[in-house]
Amino acid sequence: MFSFKLDDIKIGKKLVLLYILAVLIPLLLVGLILTSVLRNLALEQAIREAAFNVERVKKRILQIMQVPADLSDKLYVDSNLERIISQDYGSTLEVVEAYRQYKEFDYYLNMYREIKNICVYSENKALLENWHFMKVTEEIARADWYRRTVENNGRIGWENIPLQELNYEARHLCLTRLLKSISGKHLGVLVIYLDNDFLSSLFEQETFDLLLIDQNGYVVTARDRSLIGRRTEDLNLPPLAGTGTEHIYDLVYNNKPSKMIVDTLSLREMENNFQIIAIFPIDSIIGEAGYLSLLGFSLIACSLLLSLGLLSLFSSSLSRRINMLSMDMRRVVSRARMGGDIDYTSNITGKDEIGRLSKDLNLMVENIKKLTKEVYEANFQKQQLLIWQKDMKLKVLANQINPHFLFNALETIRMKAHIKGEEEIARIIMLLGKIIRRNLELDNQPVPLRSELELVENYLEIQKFRYGDKINYEIEEFRHLENYPILPLLIQPVVENTIIHGLENKEGRGKVWIKFARDNGELRIIVTDDGVGIDRKKLVKLQKLLAKSESQEGIARRKIGLQNVHQRIKLYYGEEYGLRINSIQNQGTTVEIILPGSAEKNVQSGYY
């Protein structure tokens with residue numbers, strides 16, 4: 001009995017610790033994660049709604065700003081307005097009569113309630129100043145907005161202009177535009193003032209702080225009208241991004257952590273950066289999420305206490321058999337880590353969950369043994385398949401040599417034979433026969449470098465026969481490399497490409513040089529011509545094409561000789577070897593064939 005109680009207490013403590021680690025901590029983490037997720041979801045939803053409202057207000061402002069933009073187009077070509085501004089009046093009565101007859105400004109003000117006023121600043125000294133026509137004073141001429149309007153030279157601009165002279169509020173959002181005559185003479189500056197009350201009414205409908213900022217950082221209008229005319233620096237707002245997409249900032253506003261959304265206005269011919277700012281405190285958004293989190297934590301706590309009590313009731317009856325099963329599993333794990341045979345049988349009896357776990361453990365051990373054997377066999381088969389595929393790739397690549405050269409050479413020989421000599425024809429036919437025989441005997445095994453260069457020289461002799469003195473060549477002395485083993489048909493396709501693309505289209509004579517260099521553990525076979533070269537765009541495209549790792553079917557479809565050679569070298573010698581191409585248009589091309597520097601290192605494992 002005493003022993004039973006001791007066993008019960010010890011197992012209980014262990015299970016409580018396990019409970020804390022496996023249940024309590026994970027549930028608390030889940031609660032914290034869910035709280036964070038709810039908070040973020042609420043915040044994201046608020047940001048989306050605010051962004052939607054900002055976009056809606058932005059579209060409405062742009063619609064409002066489109067009205068003066070359209071009016072400015074009409075006034076820009078208004079001949080009556082041009083006549084009033086530019087006319088040289090003889091008396092004040094003439095000016096008054098001209099103002100009385102021109103009703104367009106009053107008509108537009110009555111039609112569009114978005115517009116506060118329309119006026120023109122003119123340098124015509126004969127004009128009288130009134131509600132719509134103003135003289136350009138020295139102060140006005142020096143103003144930044146007036147200077148920018150003149151520099152725009154007739155394009156529409158938007159300015160936030162202080163209007164003390166008209167007894168309005170401190171600043172107004174205005175359209176400005178330089179008026180010009182048909183001959184290009186400056187007539188005056190048109191200014192169309194938007195109604196601040198009308199703009200503010202759009203902002204007052206929102207539940208969060210909304211501001212319209214001009215390019216100089218002044219508040220044009222806002223939901224809180226006390227902010228109008230203040231600068232963003234005075235409001236402790238962060239530096240705003242320029243034009244572009246919507247931006248979101250974190251900041252402390254009115255001593256509260258908040259989010260700020262900034263979007264940019266963009267209108268036809270609009271060069272000034274006006275921005276809409278929406279600011280909303282985070283606490284007001286996540287309050288409901290916090291209540292839900294508290295409720296969730298309360299439920300989790302009740303569940304944990306209840307489950308802890310139930311766990312303590314059943315711990316004593318389960319502990320021994322669990323310990324036995326744990327020991328059996330540890331033995332299996334220990335043998336697996338040591339890399340030995342995991343053949344082990346658990347002897348726990350019973351038909352309850354622990355007994356079934358024991359049987360499942362035995363079944364798992366058997367399945368692991370089978371899977372280990374299957375994985376070993378699958379890896380072995382995969383390795384064999386990889387070797388076979390590489391061998392097939394080499395065979396496919398080796399069979400893609402362009403046959404057009406043989407047909408062209410035979411046609412040339414036929415024409416020469418028809419016109420003249422026998423000895424020369426016989427020699428060329430003999431060289432051509434060697435080339436054909438060499439291709440027929442190709443078995444993808446390395447050959448001495450002298451054999452490969454003999455094929456290249458035969459090819460070049462035939463080309464000299466075809467083109468005469470137009471093509472010449474020079475092969476550097478290579479006795480120290482004549483027994484170097486090289487894959488067949490690596491140099492000839494490069495030389496053929498040089499003849500076809502480098503020298504055939506060149507006016508006058510051309511030459512091919514074949515040289516050799518050994519450095520940095522590499523053998524470089526350098527094929528150079530003084531032909532037409534490759535323009536920069538085509539060269540970059542060709543270099544990118546060689547850099548691609550393309551399937552054999554793709555190479556077979558494209559039949560690109562240089563890529564064929566490049567892929568054969570990589571498959572046979574390794575990824576660090578291949579072709580390098582450099583060219584200068586109208587000067588020539590150099591192709592370097594990069595191979596291992598020594599015969600012992602010039603082939604990948606499994607191929608030689």
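Helices here are DSSP runs of H or I with at least four residues, strands are DSSP runs of E with at least two, and both are numbered from the N terminus. The side chains of Asp144 and Arg147 meet in a salt bridge, 3.4 Å from N to O, where a salt bridge means a side-chain nitrogen of Lys or Arg within 4 Å of a carboxyl oxygen of Asp or Glu. Asp144 is partly exposed, with a relative accessible area of 46%, and Arg147 is likewise partly exposed, with a value of 37%; the terms used are buried for under 20% relative accessible area, exposed for over 50%, and partly exposed in between, taken with a 1.4 Å probe and protein chains only.

The structure is a predicted model, in which local features need pLDDT of at least 70 and side-chain atom pairs count only at pLDDT 80 or more, while totals for chains, interfaces and linings use all residues. Residues are numbered from 1 along each chain as its sequence is written, and side-chain values use heavy atoms, with hydrogens and water left out.

## Salt bridges between separate elements

By the rule given above, the count comes to 19 salt bridges. One of them joins the side chains of Arg177 and Asp73, at 2.6 Å from N to O. Arg177 lies in strand E4 (residues 171-180) and Asp73 in helix H1, so the pair ties together parts that are 104 residues apart in sequence. Arg177 is buried, with a relative accessible area of 8%, whereas Asp73 is partly exposed, with 29%.

Another salt bridge is formed by Glu474 with Lys511, whose closest N and O atoms are 3.1 Å apart. Because Glu474 lies in strand E12 (residues 471-475) and Lys511 in strand E14 (residues 510-519), this pair ties together parts that are 37 residues apart in sequence. Both residues are partly exposed: Glu474 has a relative accessibility of 39%, and Lys511 has a relative accessible area of 23%.

In helix H3 (residues 92-101), the buried residues are Val95, Ala98 and Tyr99. They cover an arc of only 100° around the axis, which puts them on the same side of H3; the arc is that of the directions from the helix axis to the C-beta atoms. Leu93 and Gln101, on the other side of H3, are exposed. The buried residues of the helix pack against helix H2 (79-86) and strand E2 (133-135).

Val95, a residue of helix H3, counts as buried because its relative accessibility is 1%. Leaving aside residues up to four places away in sequence, Val95 touches Tyr89, Ala126, Leu127 and Leu128, a contact being heavy atoms within 4.5 Å. Val95 and Leu128 are 33 residues apart in sequence, and their C-alpha atoms are 6.9 Å apart in space.

Strand E8 (residues 247-253) and strand E9 (residues 256-264) run antiparallel and are joined by seven bridges, where two strands are taken to pair if DSSP finds at least two bridges between them. Leu251 has Ser258, in E9, as its bridge partner. The two strands form a hairpin with two residues between them, and Asn254 in the turn has a positive phi of about 55°.

## A nonpolar patch and the protein as a whole

Ile20, Leu21, Ile25, Leu29, Leu32, Ile33, Val37, Leu38 and Leu41 make a nonpolar surface patch of about 770 Å². Patches consist of residues with over 30% relative accessible area and no salt bridge, with like charges joined within 9 Å and nonpolar side chains (Val, Leu, Ile, Met, Phe, Trp, Tyr) within 5 Å.

The protein has 16 helices and 17 strands, and of its 608 residues 42% count as buried. Among the contacts with a separation of 6 or more, 64% are accounted for by residues 24 or more positions apart. The accessible surface of the protein comes to about 34,700 Å², of which 55% belongs to carbon and sulfur atoms; accessible areas come from the Shrake-Rupley method with a 1.4 Å probe, and for residues only the protein chains shown count as cover.
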